[in-house]
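Subject: Structure handover

Hi,

Here is the structure I promised to pass on. Please open it and keep it beside this email while you read.

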Amino acid sequence: MGGAFMNKNYEKIVSLVCDTLVEAGSTFREDKKKAYKRVIASEDNERAKWVLETVLANAEAAEKNHSPLCDDTGIPHMVLEVGQDAAVTGRMLDAIREGIAEGLRRLPGRPMGIMGDDSHRIDQSGGLNPDSAGVEPAPILIRRCQDNVIRLHILMFGGGPAIRAKTYRVFHKHNTQVVLDEIVNWATEGVTQLGCSPCTLAVGVGRSHFEATSMMLQAQVDGRYDFQSEMEQEITRRVNEANIGPLGLHGKTSVIATFMKVGPQRASGVRIVCVRPTCCFEPRIASVELE
């Protein structure tokens, strides 16, 4: 009986994760839809307004049809939140991995996993895996949560934002504004080159490259379009003043919002900063409680 229960629970997690990945790849969160409607109403550049309206219409169609928001369906990235008395087992991690694979097949994900050994995967000589599930997910980031549950957040990361992202050190000179200025400079350059804007800027500040990147990932989990801190508002406003606009067509809306997370810092002359100018469809995110 114990084995039957475990198998049932395993299958339940696989199904939940599969559904959540499809939701992440095909759906705008409600606060994002409202944000798009807000900037559409305020945009007076007709070409920019058309782009914004088209992106939102595409999102509504994708949600209705459970189809991908974009042809670049993305690489699964996960944040797993664990309550104080909750337990994560190896079997649960196996179920999550299987659910990711099933979700990629059902979405479907674009087959873009590279086969072969280390060298083949670097130079792409190993060929493409024809299976959508051949797109391996990134390692799971685990963090504590206050409520006693196990909650999984799935984000689908596209290639364009990864190309235009930057993780590097900033000599802060004991002045927060120096760091913000550098973030604005990096973001403006990234948004200009990205093409598929408007963006949501994801920013992480940490003590190492790993920590800054993990903060950037968590910023997308925790960020809200209907609430922005003063620093987030400043970054958004200043990048929008560059007049890049949706698809580079100018206008008020190069960036819809900024999601920023600052981690612990140490006595040092540098801050490690990660800036990812996510595309118009990102963050592609959905969440589910597993237990």
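This is a predicted model: local features need pLDDT of at least 70, side-chain atom pairs count only at pLDDT 80 or more; totals for chains, interfaces and linings use all residues.

Look for an open sheet of four strands. Their order is β2-β1-β3-β8, and the pairing is mixed. The edge strands are β2 (141-144) and β8 (284-289), and each pairs on one side only. From one strand to the next, the twist averages 20 degrees. Now zoom in on β3, residues 150-157. Six bridges link β3 to β8, in the antiparallel sense. Here Arg151 stands opposite Glu289 in β8.

Two helices pack on this sheet. Helix α4 (residues 90-106) touches β1 (75-82) and β3. The direction of α4 makes about 145 degrees with that of β1. Helix α8 (residues 209-222) touches β1, β2, β3 and β8. Its direction makes about 105 degrees with that of β3.

**The sheet with β4**

Here is another open sheet of four strands, in the order β4-β7-β5-β6, with mixed pairing. Why is one side of β4 and of β6 left without a neighbour in the sheet? β4 (166-171) and β6 (255-262) stand at the edges, so each has a single partner strand. The twist averages 20 degrees from one strand to the next. β4 and β7 (residues 270-278) run antiparallel, joined by six bridges. Tyr168 stands opposite Val273 in β7.

Helix α7 (residues 176-194) lies across β4, β5 (199-206), β6 and β7. It runs at about 30 degrees to β7. Helix α8 turns up again: α8 lies across β4, β5, β6 and β7, at about 140 degrees to β5.

Best wishes

Terms used:
Residues are numbered from 1 along each chain as its sequence is written. Side-chain values use heavy atoms; hydrogens and water are left out. Two strands pair if DSSP finds at least two bridges between them. Axes are lines fitted to C-alpha atoms, for helices over the stretch in contact, and angles run from 0 to 180 degrees between N-to-C directions. Contact means heavy atoms within 4.5 Å.
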